[in-house]
Amino acid sequence: MIQGSATTYRVFVRTWWARNPAWPNGLRPEPGRQRTIAKRCTEDEARAIAKAWNATHSPGRLSRKAEYTRE
C-alpha cells in the first residue's frame, strides 16, 4: 500500500442487519462493527480490495460486505 500520500483509505467489513424476531423478516437495520482488512490505500486500491472481497464472499442473511472510507 502507498504511504505518505495526501489521502488514504481504510477498507473494512461489516454487516448491515441484526437478527430481531419482532421485525419483519426477523431482521432490523443495524450497521455492525467494522473489521479492518486494509489500511493506507489509495482510493483505487481500496475500491479494488472491497470489490474483490465482495466477489469472493457471500453477504449472507445479514448482508456482510466490504466497504472503504477515508482515514
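Ala50 touches Val11, Ala66 and Glu67, leaving aside residues up to four places away in sequence. A contact here means heavy atoms within 4.5 Å. The model is predicted, so local features need pLDDT of at least 70, side-chain atom pairs count only at pLDDT 80 or more, and totals for chains, interfaces and linings use all residues. Residues are numbered from 1 along each chain as its sequence is written, and side-chain values use heavy atoms, with hydrogens and water left out.

The chain holds one helix and five strands. Their order along the sequence is β-β-β-β-α-β. Helices (H or I, at least four residues) and strands (E, at least two) are DSSP runs, numbered from the N terminus.

The overall dimensions come next. The C-alpha atoms fill a box of roughly 50 × 20 × 15 Å along the principal axes. The radius of gyration of the chain is 14 Å, whereas a compact globule of 71 residues would have one near 11 Å. This radius is taken over C-alpha atoms, and the globule rule is 2.2 Å times the number of residues to the power 0.38. Among contacts between residues at least 6 apart in sequence, 64% join residues at least 24 apart.

Of the 71 residues, 30% count as buried. Buried means under 20% relative accessible area, exposed means over 50%, and partly exposed lies in between (1.4 Å probe, protein chains only). The chain exposes about 5,000 Å², and carbon and sulfur atoms supply 50% of it. Accessible areas come from the Shrake-Rupley method with a 1.4 Å probe; for residues, only the protein chains shown count as cover.

The chain carries 14 positive and 6 negative charges, and their mean positions are 9 Å apart. Lys and Arg count as positive and Asp and Glu as negative, while His and the chain ends are not counted. Each charge is placed at NZ of Lys, CZ of Arg, CG of Asp or CD of Glu.

In soluble globular proteins, nonpolar side chains tend to be buried together. The largest nonpolar core in this chain has nine residues: Tyr9, Val11, Val13, Ala38, Cys41, Ala46, Ala50, Trp53 and Ala66. At least two residues of this core come from each of strand 1 (9-14), strand 4 (35-41) and helix 1 (43-56). A nonpolar core is a set of buried Ala, Val, Leu, Ile, Met, Phe, Trp, Tyr and Cys residues joined through side-chain atoms within 4.5 Å.

Ala66 is found in strand 5. Ala66 counts as buried because its relative accessibility is 8%. Ala66 touches Phe12, Val13, Ile37, Ala50, Trp53 and Asn54, again without residues up to four places away in sequence. Ala55 lies in helix 1. Ala55 is exposed, at a relative accessible area of 66%. From C-alpha to C-alpha, Ala55 and Ala66 are 9.8 Å apart, and in sequence they are 11 residues apart.

Gly60 sits in the loop between helix 1 and strand 5 (65-70). Its relative accessibility is 47%, so Gly60 counts as partly exposed. Gly60 and Thr15 are 45 residues apart along the chain, and 9.2 Å separates their C-alpha atoms.

Asn25 is not a glycine, yet its phi is positive, about 60°. Asn25 lies in the loop between strand 2 (17-19) and strand 3 (27-29). Asn25 is exposed, with a relative accessible area of 69%. Arg40, also other than glycine, has a positive phi near 55°. Arg40 belongs to strand 4. Arg40 counts as partly exposed, at 41% relative accessibility.
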